[in-house]
Amino acid sequence: FRRQDESDDSGFYRQPRFVTHIDDGAIEALTRHYAAVLPSKATAHLDVCSSWVSFLPDSYKPPRCVGLGMNQAELDRNQQLTETVVQDLNQNPKLPFDDESFDAVTNVVSIDYMTNPLELLAEYRRVLRPGGIAVHSFSNRMFWTKAVAIWTAGDEWQRVLIASAYFSIAGFDQVEAFLVRSPKDGDPLYVVQARKAAKSE
């Protein structure tokens with residue numbers, strides 16, 4: 001989980017970037033996927049590694065929508081959020097939320113930067129309610145020097161396997177992988193998602 005650039009991430013992300021890191025077609029594909037898998041009756045959503053856009057469907061409006069990211073100016077611009085938290089997850093992967101407080105967790109094109117992914121996904125599992133879903137999306141675009149070595153050394157299929165392994169090792173159930181946008185159409189987009197086990201009756 002080492003990176004080419006091991007400098008403090010707070011410096012790298014200090015300047016706001018009001019850009020999208022995948023093309024419009026990939027964004028539309030992700031939003032459609034969210035519409036299909038996010039719980040329609042969710043009351044609390046957590047967007048990890050959040051920024052000025054979260055790509056959630058317009059019809060998806062949980063009363064609590066928390067964005068946790070690295071830049072307050074970016075988070076303040078995000079109209080889908082009801083709360084914001086600035087935290088460097090590579091310095092501290094522990095999420096500042098109570099157990100079983102969210103119905104869904106999303107992370108858009110950022111799992112490749114996490115230096116403590118297993119600890120972070122264990123935190124997802126802690127804060128998710130039973131039956132809750134976690135959704136990671138990623139493409140082949142990244143800040144190469146900030147991505148971890150296991151990610152940059154792999155090809156796209158291997159990255160799907162890596163993302164799936166993160167969930168499995170962290171104790172999630174129902175791990176699934178999707179190609180939601182083909183490379184022949186523009187930026188490819190892959191989704192790996194999993195669920196926290198529901199409580200037994």
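I began with the rule for aromatic pairs: rings of Phe, Tyr and Trp (its six-membered ring) pair if their centres lie within 6.5 Å, and the planes count as stacked when under 30 degrees apart, as edge-to-face when over 60, and as tilted for the rest. I noted that this is a predicted model, in which local features need pLDDT of at least 70 and side-chain atom pairs count only at pLDDT 80 or more, while totals for chains, interfaces and linings use all residues. Residues are numbered from 1 along each chain as its sequence is written, and side-chain values use heavy atoms, with hydrogens and water left out.

**Entry: aromatic rings**

I looked up the aromatic pairs and found that the structure holds 5 of them. In one of them, the ring centres of phenylalanine 1 and tyrosine 166 are 6.3 Å apart and the planes stand at 50 degrees, so I wrote this pair down as tilted. For the location I used helices (H or I, at least four residues) and strands (E, at least two), which are DSSP runs numbered from the N terminus. Phenylalanine 1 belongs to the segment before α1 (9–12) and tyrosine 166 to helix α6 (residues 156–169), so the pair ties together parts that lie 165 residues apart in sequence.

I then checked accessibility, where buried means under 20% relative accessible area, exposed means over 50%, and partly exposed is in between (1.4 Å probe, protein chains only). Phenylalanine 1 is partly exposed at 42% relative accessibility, whereas tyrosine 166 is buried at 4%.

I also looked up phenylalanine 97 and phenylalanine 102, which form an edge-to-face pair with 5.1 Å from centre to centre and 85 degrees between the planes. Both phenylalanine 97 and phenylalanine 102 are buried. Elsewhere I noted one aromatic cluster, formed by Phe138, Trp151 and Tyr190.

**Entry: salt bridges**

Which side chains meet in a salt bridge with a distance of 2.9 Å, N to O? I applied the rule that a side-chain nitrogen of Lys or Arg must lie within 4 Å of a carboxyl oxygen of Asp or Glu, and the structure holds 7 such salt bridges. The 2.9 Å distance belongs to arginine 181 and aspartate 23. Arginine 181 sits in strand β6 (residues 173–181) and aspartate 23 in the loop between α1 and α2 (24–37), so this pair ties together parts 158 residues apart in sequence. I recorded arginine 181 as buried, at 12% relative accessible area, and aspartate 23 as partly exposed, at 23%.

Glutamate 123 and arginine 126 meet in another salt bridge, at 2.8 Å from N to O. They are 3 residues apart in helix α4 (residues 117–127), which means that about one helical turn separates them. Glutamate 123 and arginine 126 are both buried, and together with Asp99 they are linked in a network of salt bridges.

Lysine 184 forms a salt bridge with aspartate 185, with the closest N and O atoms 3.7 Å apart. Here lysine 184 is exposed at 71% relative accessibility, while aspartate 185 is partly exposed at 46%.

**Entry: asparagine 90**

I found asparagine 90 in the loop between β3 (83–86) and β4 (102–108), and it is buried, with a relative accessible area of 13%. A polar atom of its side chain lies 3.1 Å from the backbone oxygen of tyrosine 113, and the side chain of asparagine 90 also reaches the backbone nitrogen of threonine 115 at 2.9 Å.

How values were computed:
A polar contact is a pair of N or O atoms within 3.5 Å; within protein, one must be able to donate a hydrogen and the other to accept it, and residues adjacent in sequence count only if both atoms are side-chain atoms.
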